[in-house]
Amino acid sequence: MNSTVYDCSSIAQRTAGLKHAARALAADACVVLPTDTVYGIGANAFSARGVATLLAAKGRSRAMPPPVLIAHAGVLDGLADEVSDDARALARAFWPGGLTLIFHSHPSLGWDLGETHGTVALRVPDDELAQALLIESGPLAVSSANRTGHPAASTAGAAVDMLGDSVELYLDGGPRPVGGPADRDPVPSTIVDCTGETPLLVRHGTVSLARLRSVVPSVVPADGDEELDSAPAPGAGPAEPGAGRPAASGSHAVSEPDPEAVPPAAEPADPAGAAAPA
């Protein structure tokens, strides 16, 4: 299979690329798309074959399931079960944006994202091109566009170098994050486990604990660190998704820097995690 790269700065290529991507995803193939943090590799969230292809392309096992990107909060109740008032408040305040929320997966869904223990990590990316694709395709399982153990791709070219023909097409939306310093490692999405009575911050990221608590004061950090800043120190190298963070009370693994990933799930209890946004 020869991959196609679409330069989405061209209206014609953007239109053709989005149509091609929707067809590819419906046929269980993977595509690479820009998000508000890094480039991500995406598959139809309801395609077990597509998700398996995504994990194989990254060199990742089912023990680290990808989060799911959605176009808007309006589809939340169709994908998640037992959504609390606190979770809804966080979604209203920070979606679209760099906040991933872990929920119990809706029991009527027959998807297979990996070893999630019945949970799903959801996020609405703050990226116009990503949202345009999500509207066309529906929910996408998305992880950062890189081989596991390598830095997340901040350009489409970097994603091509790592993933090659394992992906049918690449949507090139320019460097990511938009307007971010080129020498700075990407900051992953913040991950909050909303499967228990108290929202649990399982990964620090773009949305600080202080901002979360300005909306929901009861949010508790899983690592007990009340002071950690969301941004990494200058020159600090990217960690593999979820590195250095506890797995939360739940089960959806949280991994990141794979800025679009979720940390490995703990034993069936609660979920935790996702990687930075792709």
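Which residue just after H6 takes a positive phi? Select Gly164, which follows H6 directly and has a positive phi of about 50°.

Before going further, note that this is a predicted model, in which local features need pLDDT of at least 70 and side-chain atom pairs count only at pLDDT 80 or more, while totals for chains, interfaces and linings use all residues. Residues are numbered from 1 along each chain as its sequence is written, and side-chain values use heavy atoms, with hydrogens and water left out.

Now show the whole protein chain as a cartoon, where there are seven helices and 12 strands; these are DSSP runs numbered from the N terminus, with helices (H or I) of at least four residues and strands (E) of at least two. Of its 278 residues, 52% count as buried, a word that means under 20% relative accessible area with a 1.4 Å probe, protein chains only.

Go back to helix H6 (156-163) and select Ala156, Ala159 and Leu163, the buried residues of this helix. Seen down the axis of H6, these residues fall within an arc of 55°, so they line one face of the helix; the arc is taken from the directions that run from the helix axis to the C-beta atoms. The buried residues of H6 pack against strand E2 (31-34), E3, H2 and strand E9 (169-172).

Next, select Val32, Trp95, Leu99, Leu101, Phe103, Leu122 and Leu212, which touch the most other members of the largest nonpolar core, a set of 46 residues. Such a core consists of buried Ala, Val, Leu, Ile, Met, Phe, Trp, Tyr and Cys residues joined through side-chain atoms within 4.5 Å. Among the elements that each supply at least two residues of this core are H6, E6 and helix H4 (85-94), and H4 gives the most, with five residues. Apart from this core lies another, of 20 residues, among them Cys8, Ala29, Val31 and Leu133.

Move to Thr100 in strand E6 (residues 99-105), which counts as buried because its relative accessibility is 0%. The side chain of Thr100 makes a polar contact with the side chain of Ser189 (2.9 Å); a polar contact is a pair of N or O atoms within 3.5 Å, and within protein one must be able to donate a hydrogen and the other to accept it, with residues adjacent in sequence counting only if both atoms are side-chain atoms.

Finish at Asp193 in strand E10 (residues 190-193), where the side chain makes a polar contact with the side chain of Thr195 (2.6 Å).

Methods:
Buried < 20%, exposed > 50% of the residue type's maximum accessible area, 1.4 Å probe, protein only. Contact = heavy atoms within 4.5 Å.
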